[in-house]
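Here is a short briefing to read alongside your structure viewer. Please keep the model open as you go through the topics below.

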Amino acid sequence: MPGVSVFGAQWGDEGKGRFVDFLASEADVVVRYQGGNNAGHTIIVDGVTYTLHLLPAGLLYEGKLCVIGNGVVVDPGSLISEIELVKSKGLSVDALMISDRAHMVMPYHKLLDGISEDNAGEAQIGTTKRGIGPCYTDKAARLGLRMCDLLSDNFGSKLRSVLAQKNEILTKIYGQPPLDADSMIDEFAEYRDKLRPYICDTVRVCYDLFKSGKKMLFEGAQGMLLDIDFGTYPYVTSSHPTAGGISIGTGLPPCAVTEVVGVVKSYTTRVGKGPFVTELHDEIGERIRQKGHEYGATTGRPRRCGWLDLVIVGFAVRTSGMTSIALSRMDTLGGFDKVQVCVAYEIDGKLTRDYPASLEQLAKAKPVYKEFEGWSDDISHVRRYEDLPKSAREYIEFIESETETPVDMIGVGPERSECVVRRKYFE
Ligand code: IMO
Ligand code: MG
């Protein structure tokens, strides 16, 4: 039975939510495997917008199993708010499961994320300040508190011991007041009561679903170039959005993933700092931002915009074994006379299609473009590939030949139904 993964092949915000939502209709279970509430996955159904941060997008379908895997970092307070919000919109969360191994984002993680960003000056990463980096740091430093700890009688003493260390940092290094252990323990006791029904051994649950041939859908957050190993380090997030993150973030064997769908926006955006070779600083970039409402779903920050960069997509194809491309926002890119696609970088007079590791090399990289005729932006009614304008098809077919990967889904508008689908993923 196929295990289908949907992940971002650029810098996040590719439109993963809408494709996960589409595929979720056929899946038995939707699993998040990394990241936290730094994600913002937007789905629009019949004019109603749902923006999910921690909850898997399968939640929009009644009774669909939804798993928050061990690789996700969970801010319990914001998860509870999100649960209450979706319930108020008439959705059920009865089918939600949260891994007992998932690490919790603690109040000091958020505080330290904010302080270190504010103090970093030029070295700022531009994080979402949701405490994601400090939480994964503590996971690696073996100082983290997990969901199973929240349920344990020893939670108070574990928290006191970690908080003593954090208060040293807050007071001595940053000159901040210390955080109070008693009130934090009380706050988390409330979270425990609300989250207890959902916390379980999701590693066992996922394995049993896999073994019994259930259709599994893996929902990536962030994107390939925000991966801590393959991204534009240090301007990255602290997890593995690439397909390799699925096994570690769920406990499933790698063979559980049989299809890897990379979501590619027809142009490129990035929020936060860091290199961006095809960034447009001119009126075209501004026009894309306005037309595509390119403002962060989590932080509201304006997104940086530029042309499609196939050096990036090629890197994503190789590192995640992409079998399929879901191309989003072809409507947003419509209405331009000409559009450009970056096919290589020129660095010190040499051409390369490999994405450089070094920031210094990236700073020197000049995009090599191929130009295409534009197409009309009035394509949201199109449902069959053949009905797309010829120039849009030429653009798509060029992406397919350059990346050696079929473009199987094409977003032509923001609504759930505004999509051209060329194949079935769950047979
Ligand atoms: P979705 O799932 C776009 C970016 C932040 C920052 C960097 C590190 O909606 O695509 P972090 O808070 O993770 O430590 O910030 O990563 N970032 C995202 N950019 N989409 C996201 O998620 C992002 N999640 C984090 O802007 O540059
Ligand atoms: Mg987003």
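Met409 stands opposite Val421 in β20. Strand β19 (residues 407-411) and β20 are antiparallel partners, joined over three bridges; two strands count as paired if DSSP finds at least two bridges between them. Helices (H or I, at least four residues) and strands (E, at least two) are DSSP runs, numbered from the N terminus.

This is a predicted model, in which local features need pLDDT of at least 70 and side-chain atom pairs count only at pLDDT 80 or more, while totals for chains, interfaces and linings use all residues. Residues are numbered from 1 along each chain as its sequence is written, chains are lettered from A and ligands numbered from 1 in the order in which they are written, and side-chain values use heavy atoms, with hydrogens and water left out.

**The sheet**

- The open sheet has 10 strands in the order β9-β7-β5-β2-β10-β1-β11-β15-β19-β20, and its pairing is mixed.
- β9 (199-200) and β20 (419-421) are at the edges with a single partner strand each, so one side of each has no neighbour in the sheet.
- β1 runs parallel to β10 over four bridges, and Ser5 has Phe218 of β10 as its bridge partner.
- Strand β2 (residues 29-32) is also joined to β10 by four bridges, in parallel, and here Val31 has Phe218 as its bridge partner.
- Which way do the residues of β10 point? Met216 and Phe218 point one way, Leu217 and Glu219 the other, and all are buried; buried means under 20% relative accessible area, exposed over 50%, and partly exposed in between (1.4 Å probe, protein chains only).
- β7 shows Leu96 and Ile98 pointing one way and Met97 and Ser99 the other way, and all are buried.
- β5 and β7 are parallel partners over three bridges, with Val67 opposite Met97.
- β7 pairs with β9 in the parallel sense over two bridges, and Ser99 has Cys200 in β9 as its bridge partner.

**Helix α2**

- Helix α2 (residues 76-88) has 13 residues and reaches 18 Å from its first C-alpha to its last, close to the 18 Å expected at 1.5 Å a residue; the expected span is 1.5 Å times one less than the number of residues.
- Asp75 caps the N-terminal end of α2, with a side-chain oxygen 3.2 Å from the backbone nitrogen of Gly77. A polar contact is a pair of N or O atoms within 3.5 Å; within protein, one must be able to donate a hydrogen and the other to accept it, and residues adjacent in sequence count only if both atoms are side-chain atoms.
- Which residues of α2 are buried? They are Pro76, Gly77, Leu79, Ile80, Glu82, Ile83 and Val86.
- The cover over these buried residues includes β4 (48-52), β5 (65-68), β6 (73-74), β7 (96-99), β8 (103-104) and α7 (181-195).
- After α2 comes Gly90, with a positive phi near 90°.

**The second largest pocket**

- The second largest pocket has a volume of about 170 Å³. On a 1 Å grid over the protein atoms alone, a pocket is an open set of points where a 1.4 Å probe fits, with protein on both sides within 12 Å along at least five of seven lines, and lining residues have an atom within 4 Å of a point. Grid points are joined across faces, edges and corners, and a volume is the space filled by probe spheres set on the points.
- Its lining consists of Leu310, Val311, Gly314, Val317, Arg318, Val343, Arg353, Glu402, Thr403 and Glu404.
- α11 (310-320) and α13 (390-403) are the elements that give two or more residues to this lining, and α11 gives the most, with five.

**Loop residues to look at**

- Tyr233 and Pro234 are joined by a cis peptide bond, with omega about 5°; Pro234 is in the loop between β10 (216-219) and α9 (244-250).
- Asp13 is not a glycine, yet has a positive phi of about 60°. Asp13 sits in the loop between β1 (3-8) and α1 (16-24) and is partly exposed, with a relative accessible area of 22%.
- Arg142, another residue other than glycine, has a positive phi near 65°. Arg142 lies in the loop between α4 (132-140) and α5 (147-151) and counts as exposed at 77% relative accessibility.
- Leaving aside neighbours within four places in sequence, Thr332 is in contact with Tyr267, Ile288, Lys291 and Gly292, where contact means heavy atoms within 4.5 Å.
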